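Here is a short note for a colleague opening this entry for the first time. Please read it with the structure in view.

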Amino acid sequence: MLTLFHHPMFAACRFVRLAFGEYGEELALIEEKPWTRRKEFLALNPAGTLPILLAEGDVPIVGAMVIAEYLDETRGVLKRDKRLFAEDPMERAEIRRLTDWYLSKAESEVTRHLVRERVLKPVMPETAGGGSPDSGAIRAARANIRQHMKYTNWLAGTRPWLAGNKVTYADLAAAAALSVLDYLGEIDWREHSAAREWYTRVKSRPSFRPLLSDRVRGLSPVSHYADLDF
């Protein structure tokens, strides 16, 4: 069994867990608090970032998309119609574009800030950057949610799945990011019916069940978080 160093409220880590779940691969999970900067953790990744996969031979593979490429090359090519990438290079480019949109753009504009201010700061020591949430950072992140939801709603309303005709890494990246925001109660789904219908389909998949069981100490999810039909 492969091992994943992760944090349950990091979208990139959730993305990797979903991808392995789609392929029916079990992962041993080790929850990491990267702000502690453990020497053993930094030995695996001097950058001190998550996720990190310990692959065959305990070789560390660092970064969500790097892990996704590794997973595709070692498992995905054997999955045929269940492969999370496409065979066509242009379709693969669109999958990569949207995966980057949610794991990089949405992360830098929204998810990272809300997780840091609402989830991490209350449990981090002051020496590591903990303390009271920055209300300005929260407001700025919330102001950006609407545009990302409008784009997701457009994608979900014009395509069977976000990147095309089947489930791909793009759907998993989007679902990973939005599931964090949904846990925190930051999304008004009533305004985005197509995105809501798409998200309902994604979170009804078996790969999503472990994420619905995630809980953060001292911070309960919104009441509908684990409800498959909201």
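**Notes on the predicted model**

1. Start with D58. D58 counts as exposed, because its relative accessibility is 56% and the cut-off for exposed is over 50%. The model is a predicted one. D58 sits in the loop between β3 and β4, the latter being residues 60-62. Its backbone deserves a look: phi is positive, about 55 degrees, although D58 is not a glycine.

2. R80 is another residue other than glycine with a positive phi, near 55 degrees. Its place is the loop between α3 (64-74) and α4 (89-120). Is R80 buried or exposed? R80 counts as exposed, because its relative accessibility is 73%.

3. The bond from L50 to P51 is cis, with omega near 0 degrees. P51 is found in the loop that runs between α2 (39-44) and β3 (52-54). P51 is also one of the residues in contact with L4.

4. Now the overall layout. How many helices and strands does the chain have? There are eight helices and four strands. Their order along the sequence is β-α-β-α-β-β-α-α-α-α-α-α.

5. Next, the dimensions. The C-alpha trace spans about 50 × 50 × 30 Å along its principal axes. The radius of gyration is 17 Å, which agrees with the value near 17 Å for a compact globule of 230 residues. Of these 230 residues, 53% count as buried.

6. Take the contacts with a separation of 6 or more: 68% of them are between residues 24 or more positions apart.

7. L4 is in strand β1, residues 2-6. L4 is buried, because its relative accessible area is 0% and buried means under 20%. L4 and L29 are 25 residues apart in sequence, yet their C-alpha atoms are 5.0 Å apart in space. Beyond its neighbours within four places, L4 is in contact with residues including C13, V16, L27, I30, I52, L53 and I67.

8. E22 lies in helix α1, residues 11-22. Leaving aside neighbours within four places in sequence, E22 is in contact with L84, L172, R205 and S207.

9. Helix α7 covers residues 193-203. Its buried residues are A194, A195, W198, Y199, T200, V202 and K203. Residues three or four places apart on an α-helix point the same way, because there are 3.6 residues a turn. What do the buried residues of α7 pack against? They pack against three helices: α5 (135-158), α6 (169-183) and α8 (209-212).

10. Finally, surface and charge. The accessible surface comes to about 11100 Å². Carbon and sulfur atoms hold 51% of that area. The chain carries 33 positive and 31 negative side chains. The centres of these two sets lie 3 Å apart.

Key. Residues numbered from 1 in each chain as written. Predicted model: local features only at pLDDT ≥ 70, side-chain atom pairs only at ≥ 80, totals over all residues. Heavy atoms only, no water. Helix = DSSP H or I, 4+ residues; strand = E, 2+ residues; numbered from the N terminus. Rg over C-alpha atoms; globule rule 2.2 N^0.38 Å. Buried < 20%, exposed > 50% of the residue type's maximum accessible area, 1.4 Å probe, protein only. Contact = heavy atoms within 4.5 Å. Areas by Shrake-Rupley, 256 points an atom, 1.4 Å probe, with all protein chains shown as cover. Lys, Arg positive; Asp, Glu negative; His and termini not counted. Charge placed at Lys NZ, Arg CZ, Asp CG, Glu CD.
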